[in-house]
Amino acid sequence: MSKRLFLSRFLKRSGVFALLDALPLRPGVLVVNHHRIGDASQTRFDRGVFSQTAEGLDEQIRFLRKRMPIVAGEELEALLTGKQPLKRTYAAITFDDGYLDNYRDAFPVLQSQGVPAIFFPVIQYVGSDAVPWWDEIAYLVRNTTRPSVEVSYPSQLQVTLGDDREVAIRQLLRHYKKPENRNGEKFLEGLRASAGCNPPAPGRRFLDWDEARTMANAGMEFGSHTCSHTILSQQSPEDQRWELTESRRVLQKELGRPIHSLAYPVGSASAFTPETEEIAANAGFSLGFAFQGGWNQPGVGRATHVQRISPAPEPELFQAQTLQLMNPLARW
């Protein structure tokens, strides 16, 4: 058990959480971001993109609903762009990449709770069996029989492999995400050769357009996550502009509704630039979602740089995480 989890459980048992929970929350918008829903231990691919099981998601939503409205669509846009004053705390829920479990596992939970969410599919992955770069890196490292792997692009890196492959996977993912990596396929070709294996054909892994339309008709919102999930800061302004305008065009055509939201792939501080934000605004996006932690307070930040958190998996840690963000007295 981690120290944070031990402390969180102690504070909950001792009644401190209940006391802090009774205090008014600061005005703002808390955006909770997910990628995959399910049991991470069962995947052959990247376990880091699993944020919750369906049961855990249900519990998180119940926790949020008791404390604040969960919003999406026009209301969320109005709050984040300043058209509607932020006088209380709100929450929003987002899902990146458009994995099939978003439809199969997350969507029924959202329906049962009567809350909306925003889904950001990657256009080229919709309805496909694609193995994206993060999943392929994880699969190659997890399944190679070699004692180490190495890549020479964008710079030389050799990683020794032990019984626990997660550290090596994170190290290679960080290397891939470097701004100087301008050719993701070149990186993967080098890793495949070093690992001596290739990912399997896993069957359909991403929701299709019919499923997306079913979700949209049931009140779910959709936004762009680009056409190819390229890291935008690694691309030229012209290529960024195409990724954003084309993905928005396809989404509007397939779903028959306007698209105003964008989630920057990876979403870290190095994954997009102020120029990217300007390109996004000129392409018709009112909201641009980052993924750097923190939350969105009145008069702070930009609508093209909305902060999102990755939810802690344990209920006590998630409660501590939200209280620390939204309650000025919750500091430990």
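Is R62 buried, exposed or partly exposed? With a relative accessible area of 46%, R62 is partly exposed. Keep in mind that this is a predicted model.

**A covered strand**
- Strand β1 spans residues 28-34, and seven of its seven residues are buried.
- In a regular strand, side chains alternate between the two faces of the sheet.
- Both faces of β1 are covered, with G28, L30, V32 and H34 on one side and V29, V31 and N33 on the other.
- β1 runs parallel to strand β4 (residues 89-97), and seven bridges join the two.
- Across from N33 you will find T94 of β4.

**Two packed helices**
- Helix α3 (residues 54-65) packs against helix α12 (residues 315-326) at an angle of about 35°, and their axes are 11 Å apart.
- On the α3 side, E59, Q60, F63 and L64 make the contact, while α12 brings P315, F318, Q319 and T322.
- These contact residues divide into four nonpolar, three polar and one charged.

**Salt bridges**
- The structure holds 18 salt bridges.
- One of them joins the side chains of D58 and R62, at 2.8 Å from N to O.
- D58 and R62 are separated by about one helical turn because they are four residues apart in α3.
- D58 is buried, at 18% relative accessible area.
- R213 forms a salt bridge with D210 (2.9 Å between the closest N and O atoms) and another with E254 (3.0 Å).
- The R213 and E254 pair links distant parts of the chain, helix α9 and helix α10, 41 residues apart.
- D46, R47, R142, E166 and R170 are linked in a salt-bridge network.

Technical notes. Residues are numbered from 1 along each chain as its sequence is written. This is a predicted model: local features need pLDDT of at least 70, side-chain atom pairs count only at pLDDT 80 or more; totals for chains, interfaces and linings use all residues. Side-chain values use heavy atoms; hydrogens and water are left out. Buried means under 20% relative accessible area, exposed over 50%, partly exposed in between (1.4 Å probe, protein chains only). Two strands pair if DSSP finds at least two bridges between them. Axes are lines fitted to C-alpha atoms, for helices over the stretch in contact, and angles run from 0 to 180 degrees between N-to-C directions. Contact means heavy atoms within 4.5 Å. Ala, Val, Leu, Ile, Met, Phe, Trp, Tyr, Cys and Pro count as nonpolar, Asp, Glu, Lys and Arg as charged, and the others, Gly among them, as polar. A salt bridge is a side-chain nitrogen of Lys or Arg within 4 Å of a carboxyl oxygen of Asp or Glu.
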